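I opened this entry to look up helix packing and the nonpolar cores.

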Amino acid sequence: MGGTDAFSAFDLGGKFALITGGASGLGAATAELMTNRGARVAIADINMDAASDLARRLDGIAVQCDVTDSAQVRASVESTVSAFGALDVMVNNAGIAPPPDNERFQKMVNNQMSRLDPSITAEPLDILVNLSDGVWDRMIRTHLYGVFYGMREALAHMTPRRTGSIINISSILGMRPSASAPHYSVAKAGIIALTKATSAEVSQFGVRINAVCPGYTDTPLLSHYSEMMRSVIVSQIGMGRMGVSDEIAQVIAFLASPAASYCTGEVFSASGGYLS
C-alpha cells in the first residue's frame, strides 16, 4: 500500500466504540487514541465521575457500568447505540488485579532461590488452599463474565449488521499462568478460549473478535506494588521495563481498524518479552 492508503487503514473515522473500564489506565488511553483517530467513544465505567470527565474531554458519552451485572452491561450497549446510532467496536477491558501481598511475594522469591541454594528452606504458600469462594467468584465474574456479557450484547447489534470488531483484554498470564494468581490466570485464559470459540461462530458474518494479552503495564492496577515486587517483575521482562498504557492501546486500535481486516480469533501478546 502507498503512504496515504497505509495511513487510512488505521483510521477510525465514522466508527462508534464502547470501552468498558474506560475511565482510567489502559481503557482511558484506548479511548483517547481511538478518538484521535476519528472514532466517537462511549466510556463505560463503575466510576461515573471519572467516566464523565473523560467523556466531556473527548466529546464522547459516559455510561455507568459494573461488568459483573449483565443488566448494566446490556444498558451500556443500548445507551451507546441510542446515542450514536450503531456500535462498531466493543473493547471488553474492565478488570481487577489481585491485591499485592509483600510477605507472600518474599516467600515466593525465597522458594525460587531455594532451588539454587540448599541452605534456603522453601515454604508452602498455600495460595489455592487459602483462596476463598468470594475472592475466586469476584475475579471470575469481573473478567470472564464481564467479557461474556459484553460480547453477548455487542453481537446482538453487530451480527445483524454483518460488521463489527470486538477486542477482549486478556493478559500474558492467560497464556503463561502464574502460581501467585491462579484465579486471575484462569479468568484471563478463559477469555482467550471464549474469544476463539465465538470468533469461529461469527467470522463468516463480518464480525471480528480478537484478544490482546498485555504484559505487566504501569497502570493504576499496579499502583500498590512495592518497589521490590516491581524490580522482580521487571527482571523477568526482556525489554527491562514495564509497558505503558499507550503502547497497549496501539494494539487495540489496530485491531479495531480496517488494517486488521484479516485478523479474527487471534491472540496478540504485548509483553515486552516477558519470560521469553
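At what angle do helix 2 and helix 3 pack, and how far apart are their axes? I note that this is a predicted model. Helix 2 (residues 25-36) packs with helix 3 (residues 48-58) at about 15 degrees. Their axes lie 11 Å apart. Angles under 35 degrees count as roughly parallel, so I logged helix 2 as roughly parallel to helix 3. The crossing of helix 2 past helix 3 is right-handed.

I then listed the contact. Helix 2 brings Ala28, Ala31, Glu32 and Thr35. Helix 3 brings Leu54, Arg57 and Leu58. By class, I have 4 nonpolar, 1 polar and 2 charged residues in the contact of helix 2 with helix 3.

**Helix 6 and helix 8**

Next I took helix 6 (residues 133-161) and helix 8 (residues 182-202). They pack at an angle of about 15 degrees, and their axes are 9 Å apart. Helix 6 is therefore roughly parallel to helix 8. I recorded a right-handed crossing for helix 6 passing helix 8.

The helix 6 side of the contact includes Val135, Trp136, Met139, Ile140 and Phe148. On the helix 8 side I found, among others, His183, Tyr184, Ile191 and Leu194. The residues in this contact of helix 6 with helix 8 divide into 15 nonpolar, 5 polar and 1 charged.

**His183**

Leaving out residues up to four places away in sequence, His183 touches Pro98, Leu131, Val135, Trp136, Met139 and Ile140.

**Nonpolar cores**

Which residues touch the most other members of the largest nonpolar core? I read off Leu18, Leu87, Met90, Met158, Ile166 and Ile209, out of 27 residues. Elements giving two or more residues to this core are strand 1 (16-20), strand 2 (40-45), strand 3 (61-64), helix 4 (70-84), helix 6, helix 8 and strand 6 (207-214). Helix 6 gives the most, with 6 residues.

Leu58 had already turned up in the contact of helix 2 with helix 3.

Last, I checked Met158. Again leaving out residues up to four places away in sequence, Met158 touches Leu87, Asp88, Val89, Met90, Thr163, Gly164, Ser165, Ile166 and Val207.

Methods: Residues numbered from 1 in each chain as written. Predicted model: local features only at pLDDT ≥ 70, side-chain atom pairs only at ≥ 80, totals over all residues. Heavy atoms only, no water. Axes fitted to C-alpha atoms, helices over the stretch in contact; angles between N-to-C directions. Helix = DSSP H or I, 4+ residues; strand = E, 2+ residues; numbered from the N terminus. Parallel < 35°, antiparallel > 145°, perpendicular 65-115°, else oblique. Left-handed = near helix turned anticlockwise from the far one by under 90°. Contact = heavy atoms within 4.5 Å. Nonpolar A, V, L, I, M, F, W, Y, C, P; charged D, E, K, R; others polar. Core = buried A, V, L, I, M, F, W, Y, C linked by side-chain atoms within 4.5 Å. Buried < 20%, exposed > 50% of the residue type's maximum accessible area, 1.4 Å probe, protein only.
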